[in-house]
Amino acid sequence: MIRVLLVHDGCLMRSALTMLLRREEDLEVSGSSWRAAVGQADSLRPHVCVADVECPGAAVPGTLTGLLRRVAGPAAALLVLATGTRPGLLRRAFDAGALGYVSKDAGPQRLLDGIRQVAEGERFVDESLALGLLQAAHIPLTPRELSVLRLAAEGSTSAEIARNLHLSLGTVRNYMSTITRKTGARNRVDAIRISQHAGWV
């Protein structure tokens with residue numbers, strides 16, 4: 001029996017997917033919101049954690065990568081539900097050790113195939129996400145630039161970013177200028193919009 005924890009913030013979607021997966025004789029499935037996922041994973045000890053990385057709750061609290069690591073833990077295989085249009089989210093899932101990637105536009109059988117395959121310790125990548133994964137390998141921003149941009153996206157001023165990251169104000173301005181150039185943005189707000197759409201922050 002494969003124990004599965006399904007993490008999704010949409011109650012209706014989570015319930016529907018949980019009911020669908022429970023029809024399979026070899027799966028024991030529990031559903032959870034992102035907020036309750038770590039506690040649920042601790043008590044359930046799943047073999048596979050299926051997580052929708054595009055849910056709003058995936059970013060609260062902390063980074064997506066850290067949350068995915070905490071939810072899956074050292075024992076569970078991580079399989080993510082995503083779309084190929086946000087390569088930054090795929091990259092963060094990869095950094096968290098995701099073994100499987102299923103498109104949210106795929107049919108139910110693809111999800112079942114992915115669960116069973118990652119439960120065996122094998123990688124599973126939905127064909128429609130392959131290009132997104134390739135793009136995810138080429139995020140144009142450095143980790144430090146991403147840190148600056150995340151704080152800017154949260155509404156921090158340049159002075160607040162400088163204090164939080166122990167940088168000079170001039171260095172923060174240089175980072176923002178570089179970020180704007182690398183993302184092809186017109187200004188700081190546009191850089192944040194482009195980066196959020198791509199899933200980098």
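Where is His166 found? Keep that one in mind; point 6 has the answer.

1. **What you are looking at.** This is a predicted model, so local features need pLDDT of at least 70 and side-chain atom pairs count only at pLDDT 80 or more, while totals for chains, interfaces and linings use all residues. Residues are numbered from 1 along each chain as its sequence is written, and side-chain values use heavy atoms, with hydrogens and water left out.

2. **The overall build.** The protein has 10 helices and 6 strands. Helices (H or I, at least four residues) and strands (E, at least two) are DSSP runs, numbered from the N terminus. Its radius of gyration is 18 Å, which agrees with the value near 17 Å that a compact globule of 201 residues would have. That radius is taken over C-alpha atoms, and the globule rule is 2.2 Å times the number of residues to the power 0.38. Along the principal axes, the C-alpha trace spans about 60 × 35 × 30 Å.

3. Of the 201 residues, 47% are buried. Buried means under 20% relative accessible area, exposed means over 50%, and partly exposed is in between (1.4 Å probe, protein chains only). The protein exposes about 10,100 Å², and carbon and sulfur atoms supply 54% of that; the areas come from the Shrake-Rupley method with a 1.4 Å probe, and for residues only the protein chains shown count as cover. Now look at contacts, meaning heavy atoms within 4.5 Å: among those with a separation of 6 or more, 64% are between residues 24 or more positions apart. As for charge, the mean positions of the 24 positive and 19 negative charges are 10 Å apart. Lys and Arg count as positive and Asp and Glu as negative, with His and the chain ends not counted; each charge is placed at NZ of Lys, CZ of Arg, CG of Asp or CD of Glu.

4. **Helix 10.** At the start of helix 10, a side-chain oxygen of Asn187 comes within 3.2 Å of the backbone nitrogen of Val189. After the helix comes Gly199, with a positive phi near 85°. Zoom in on Ser195, which is buried because its relative accessible area is 0%. A polar atom of the Ser195 side chain lies 2.8 Å from the backbone oxygen of Ala191. Not counting residues up to four places away in sequence, Ser195 touches Leu141, Leu149, Thr183, Trp200 and Val201.

5. **Helix 4, one of its partners.** Here the buried residues are Pro87, Gly88, Leu89, Leu90, Arg92 and Ala93. Gly97 follows helix 4 and has a positive phi, near 95°.

6. Most residues other than glycine have a negative phi. Back to the opening question: His166 is found in the loop between helix 8 and helix 9. His166 has a positive phi of about 55° although it is not a glycine, and at 73% relative accessibility it counts as exposed. Arg45 also has a positive phi of about 55° without being a glycine. Look for Arg45 in the loop between helix 2 (34-44) and strand 3 (48-52); its relative accessibility is 61%, so Arg45 counts as exposed.

7. **Ser158.** Which helix holds Ser158? The answer is helix 8 (residues 158-165). Ser158 counts as buried because its relative accessibility is 17%. Its side chain is joined to that of Arg188 by a polar contact of 3.2 Å. A polar contact is a pair of N or O atoms within 3.5 Å; within protein, one must be able to donate a hydrogen and the other to accept it, and residues adjacent in sequence count only if both atoms are side-chain atoms. Leaving out residues up to four places away in sequence, Ser158 touches Leu169, Val172 and Arg188.

8. Arg69 sits in helix 3 (residues 64-72) and is partly exposed, with a relative accessible area of 47%. Beyond its neighbours within four places in sequence, Arg69 is in contact with Asp95 and Ala96. Ala72 is found in helix 3 and counts as buried at 10% relative accessibility. Not counting residues up to four places away in sequence, Ala72 touches Cys49 and Leu78.
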